[in-house]
Amino acid sequence: QVQLVESGGGLVQAGESLRLSCAASGRTLSNYYMGWFRQAPGKEREFVASINYSGDYTDYADAVKGRFTISRANAKNTVSLQMGSLIPEDTAVYYCTAGAGGRSALRYGYWGQGTQVTVSS
């Protein structure tokens, strides 16, 4: 069993940056992809970014490519999402997840409780 806890959300202005962190406990994250999804009010949960175990493969949604960076520290069992040049459309609850990788939420079996990110214009 894996428990994931996100932190770092908050309210920022457009153009600013924010860093989300996710701490995993319960078991090692060996062989798990880690990812971030987000869900805005009235919208479906959508893929944001993912990273493989070794950290040498990352994938980003087109909407965040070039602005967000995902990274992980396996020794600390953590994964982070550095978000830059934030825009109001980035406003959502952000979820940390662990699983088999890819862009479908169905491929991820472990989820955090989510952290709110609000970007004001």
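What follows is a chat about the core, the charged pairs, the rings and the strands of this predicted model.

Biologist: Before I start, what should I know about the model and the numbering?
Modeller: It's a predicted model, where local features need pLDDT of at least 70 and side-chain atom pairs count only at pLDDT 80 or more, while totals for chains, interfaces and linings use all residues. Residues are numbered from 1 along each chain as its sequence is written, and side-chain values use heavy atoms, with hydrogens and water left out.

Biologist: OK, the core then. Which residues touch the most other members of the largest nonpolar core?
Modeller: L4, W36, L81, M83 and Y94, out of 34 residues in that core. A nonpolar core here is a set of buried Ala, Val, Leu, Ile, Met, Phe, Trp, Tyr and Cys residues joined through side-chain atoms within 4.5 Å. Buried means under 20% relative accessible area, exposed is over 50%, and partly exposed is in between, with a 1.4 Å probe and protein chains only.

Biologist: And which elements give two or more residues to this core?
Modeller: β3 (18-25), β4 (33-39), β5 (46-51), β7 (68-73), β8 (78-83), β9 (92-99), β10 (108-111) and β11 (115-120). Those labels are DSSP runs numbered from the N terminus: helices are H or I with at least four residues, strands are E with at least two.

Biologist: Why would such residues sit together?
Modeller: In soluble globular proteins, nonpolar side chains tend to be buried together.

Biologist: Zoom in on L81. What is L81 in contact with?
Modeller: Leaving out neighbours within four places in sequence, L81 is in contact with L18, R19, L20, W36, V48, A49, F68, T69, I70 and Y94. Contact means heavy atoms within 4.5 Å.

Biologist: Switching to charges. How many salt bridges does the structure hold?
Modeller: Five. The cut-off is a side-chain nitrogen of Lys or Arg within 4 Å of a carboxyl oxygen of Asp or Glu. In one of them, the side chains of R38 and D90 meet at 2.9 Å, N to O. R38 is in strand β4 and D90 in the loop between β8 and β9, so this pair ties together parts that are 52 residues apart in sequence.

Biologist: Are R38 and D90 buried or exposed?
Modeller: Both R38 and D90 are buried, and D90 has a relative accessible area of 0%.

Biologist: What else does D90 meet in a salt bridge?
Modeller: R67, at 2.8 Å, N to O. That pair also links distant parts of the chain: D90 is in the loop between β8 and β9, and R67 is in the loop between β6 (58-60) and β7, 23 residues apart. R67 is buried too, at 18% relative accessible area. R38, E46, R67 and D90 are linked in a network of salt bridges.

Biologist: Which salt bridge involves K65?
Modeller: K65 meets D62, at 3.5 Å, N to O. D62 is exposed, with a relative accessible area of 62%.

Biologist: Now rings. How many aromatic pairs are there?
Modeller: Seven. Rings of Phe, Tyr and Trp (its six-membered ring) pair if their centres lie within 6.5 Å; planes under 30 degrees apart count as stacked, over 60 as edge-to-face and the rest as tilted. Y95 and W111 are edge-to-face, 6.4 Å centre to centre with 75° between the planes. Y95 is in strand β9 and W111 in strand β10, 16 residues apart.

Biologist: How accessible is W111?
Modeller: W111 is partly exposed, at 26% relative accessible area. W111 also forms an edge-to-face pair with Y108, at 6.5 Å centre to centre and 65° between the planes. Y108 is buried, at 4%. Ring pairs link F37, F47, Y95, Y108 and W111 into a cluster.

Biologist: Which charged residue lies over the face of Y95?
Modeller: R45, at 3.8 Å from the ring centre. R45 lies over the face of W111 as well, at 4.8 Å. The rule is NZ of Lys or CZ of Arg within 6 Å of the ring centre and within 35 degrees of the ring normal.

Biologist: Which sense does β2 pair with β11 in, parallel or antiparallel?
Modeller: Parallel, with β2 (residues 10-13) joined to β11 over four bridges, and Q13 stands opposite S120. β9 and β11 pair in the antiparallel sense over three bridges, with A92 opposite V117. Two strands pair if DSSP finds at least two bridges between them.
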